[in-house]
Amino acid sequence: MQKVFFISDHHFGHKHIIDFETRPFSNVDEMNETMIERWNAVVGKDDKVFHLGDFSFLNRDKTAAIVSRLNGYKHLILGNHDRGRSRQWWLDVGFDEVSEHPVIYKDFFFLSHEPMYMNKHMPYVNVHGHIHGQKYESVNYFNVSVEHWDYTPLTFEQIRDAVVPSEEQG
C-alpha cells in the first residue's frame with residue numbers, strides 16, 4: 001500500500017545552510033548524501049512525497065541527478081528559494097508534480113512552504129517548512145523542515161497522530 005510522506009528545506013548543494021542551521025555535516029557532499037540515504041531509507045518506489053519547498057541550490061544537471069536517486073512519486077510545492085526557476089524547470093529535473101500555490105490535502109491539511117496565517121477557529125492544520133529549526137507552538141502548525149526530523153521524511157500518519165486529538169477514552 002502506498003505511503004504518503006512530507007518533508008521540506010533540504011537545500012541540496014547549499015553549503016552555507018550547514019552553518020546557518022548548525023547542521024551536523026562537515027561539508028555539502030556529506031549533507032547531500034546523508035539526506036538522500038535518509039529519504040530512501042523510509043520512502044519506497046511506489047510511495048508519494050510532498051516536498052514543501054527549498055529543494056536544491058544546484059544547477060539543472062546536479063538537481064536532476066539527485067531527484068533521480070530519490071524514491072517515490074515527488075510533488076514539489078515551490079518554496080521561496082525554488083521560485084527563481086520555472087515550474088517547467090522543476091518538472092524537467094524529475095518532479096512528478098509541481099504546485100506554485102499551497103495545496104489542501106485530505107480536506108484538513110494545508111500544505112505550504114511558508115507558515116500561513118491560522119487561528120484556532122480555522123479547520124486546518126498548516127503543514128509547512130521555511131522556518132527550519134524554529135517552531136510555532138500551536139496545534140494549527142506542523143513544521144516538516146528537515147532539521148526537526150533528522151533529515152528524514154515523515155509519514156502522513158506521524159503528522160496526523162501528532163495533530164489530531166484522539167477520541168479514545170483510556
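Which residue in S7 is the bridge partner of Leu 111? The partner is Val 127. The model is a predicted one, in which local features need pLDDT of at least 70 and side-chain atom pairs count only at pLDDT 80 or more, while totals for chains, interfaces and linings use all residues. Residues are numbered from 1 along each chain as its sequence is written, and side-chain values use heavy atoms, with hydrogens and water left out.

Strands S6 (residues 109–111) and S7 (residues 125–128) pair in the parallel sense over three bridges; strands are DSSP runs of E with at least two residues, helices runs of H or I with at least four, numbered from the N terminus. Two strands pair if DSSP finds at least two bridges between them. Both belong to an open sheet of four strands with mixed pairing, ordered S5-S6-S7-S8. Its edge strands, S5 (103–105) and S8 (141–143), each pair on one side only.

The largest nonpolar core has 26 residues, of which Phe 12, Phe 55, Ile 66, Leu 76, Trp 90 and Phe 95 touch the most other members. Such a core is a set of buried Ala, Val, Leu, Ile, Met, Phe, Trp, Tyr and Cys residues joined through side-chain atoms within 4.5 Å. Helix H2 (28–42) gives the largest share, four residues.

His 75 lies in strand S3 (residues 73–77). His 75 counts as buried because its relative accessibility is 5%, where buried means under 20% relative accessible area, exposed over 50% and partly exposed in between (1.4 Å probe, protein chains only).
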